[in-house]
Amino acid sequence: MTTIQMIEAAATRIGNRALYTPLLSSPFLDEIAGRRVFVKPECLQRTGSFKFRGAWSAISALEPEVRKRGVIAFSSGNHAQGVALAARLHGIAAVIVMPADAPRLKIDNTRAYGAEVVLYDREREDRDALGAALAEQRGLTLIKPFDEPQVIAGQGTVGLEIAGQAREEGIEQADVLVCCGGGGLTAGIALALEARAPGLRARPVEPQGFDDTARSLKSGQIERNVRLGGSICDAIITPEPGRLTFPITSRLCGPGLAVSDEEALRAVALAFSRLKIVLEPGGAVALAAALFRPDEIKGDAVIAVGSGGNVDPDIFSGALSRYGA
C-alpha cells in the first residue's frame, strides 16, 4: 500500500522534472460559489495533466534492468502522454494502448512523445486484458493508470503541494475537490493531506452517470458503471474504483459529488475567461462542483484540482461560444 513515506520519496525522485503548479483564484468565481475558490491547475503540468507525476514515479522506481526493457500503459490519453514522456526522458521504449475514440489530440501527442500507440474499442474489448497480453509478449512492464502504489505516490505529490499552499493562504479547514476516474489522484492527495494537512478533506468528483466512486463510498463496496462511454469527460471514465485506491478513498475521503456534462463545459469556459487556463471537461468537473454544488460543500473556502487540459479543439471552442459570455 502507498504510504506518506512513498509519496515523499516520489517527490524527491521527481524533483524539478515536474512543475510546481500554483493555486489560482478569481473574485468572479468566488461570487458564483459563495465562498473562496482556489484552483490547482495541473493542466499546466508537463504533458498537460497530473499524470506525468505518477508516470515518472513508477518508472523511476523500477529496477534498472527491468526499466530498460521498456514499459506499457493503457489510457484514454493523459496517462498515455505522461508515460510516453517519462519513458522518453528515461531513454526507454513505451507502448500505449488507447481507446480508438480518444480525442485525436491525445493520440497524436502520445505518438509525438515517441510512444507506439495501439488502439482498441472500449465498448467491445478489455483494455486490461489487451495490455497484459502485450506486456507478456514483449517483456514490457505494465504501468497501470491508477491501481499501482508508485503511481498513487506520484499523484500524492499534488497533495503535498496543496498542503503547503493552503498553509500560505491561511486555509485550515476545507474540502479539496478532485476529478476522479479510477481514484489514483484522489487517493494520493487524500494520503498526503492526512499527513500534512488533516483539516483538509479530499472529495472525489465525477460525471453524472459515471459516479462509480461516489456510489462505492456510499455503499461501502466497489460499484461498477453500467456504461463505459457516452460522456465528454472521457479522461475520467473508468469501469469501477481501483482495488488499491478504494480502501484509501473509503477511509479518508468525504462523500463524492457528480456534475453534468453541461456544468463541466461551463466550468471549462469560466476557467478560461476568469483564470486564463485551459481545462478539458474531465479536468473541470472539480471546479464545476465547487461552483455549482455550493450546498454540498462546507466551509468558507474550497480547493478544486484542475486535473488536465488536453481538450479537443472543437469541444473547447464549443464551450467558449456557449458559455464564454
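This is a predicted model: local features need pLDDT of at least 70, side-chain atom pairs count only at pLDDT 80 or more; totals for chains, interfaces and linings use all residues.
**Cavities, sheet and a buried alanine**

In total, 2 cavities of 30 Å³ or more are present in the structure. The largest cavity holds about 270 Å³ and is lined by 28 residues, among which K51, G181, G182, A235 and I236 lie nearest its centre. Two or more residues of this lining come from each of α5 (78-90), α9 (184-196) and α13. Helix α9 supplies the largest share, 3 residues. The lining of the largest cavity consists of 10 nonpolar, 14 polar and 4 charged residues.

The strands β1-β2-β10-β7-β8-β9, in that order, make up an open sheet of 6 strands with mixed pairing. Strands β1 (24-25) and β9 (257-259) are at the edges and have a single partner strand each, so one side of each lacks a neighbour in the sheet. Strands β7 (residues 174-179) and β8 (residues 200-207) run parallel and are joined by 6 bridges; A174 stands opposite L200 in β8. Helix α13 (residues 281-292) packs on the sheet, where it touches β2 (36-41), β7, β8, β9 and β10 (301-306). The direction of α13 makes about 150° with that of β7.

Residue A319 belongs to helix α14 (residues 313-323). A319 counts as buried because its relative accessibility is 1%, where the cut-off is under 20%. Beyond residues up to four places away in sequence, A319 touches L265, V268, A269 and G324.

Technical notes:
Residues are numbered from 1 along each chain as its sequence is written. Side-chain values use heavy atoms; hydrogens and water are left out. Two strands pair if DSSP finds at least two bridges between them. Helices (H or I, at least four residues) and strands (E, at least two) are DSSP runs, numbered from the N terminus. Contact means heavy atoms within 4.5 Å. Axes are lines fitted to C-alpha atoms, for helices over the stretch in contact, and angles run from 0 to 180 degrees between N-to-C directions. Buried means under 20% relative accessible area, exposed over 50%, partly exposed in between (1.4 Å probe, protein chains only). On a 1 Å grid over the protein atoms alone, a cavity is a set of points where a 1.4 Å probe fits but cannot get out, and a pocket is an open set with protein on both sides within 12 Å along at least five of seven lines; lining residues have an atom within 4 Å of a point. Grid points are joined across faces, edges and corners, and a volume is the space filled by probe spheres set on the points. Ala, Val, Leu, Ile, Met, Phe, Trp, Tyr, Cys and Pro count as nonpolar, Asp, Glu, Lys and Arg as charged, and the others, Gly among them, as polar.
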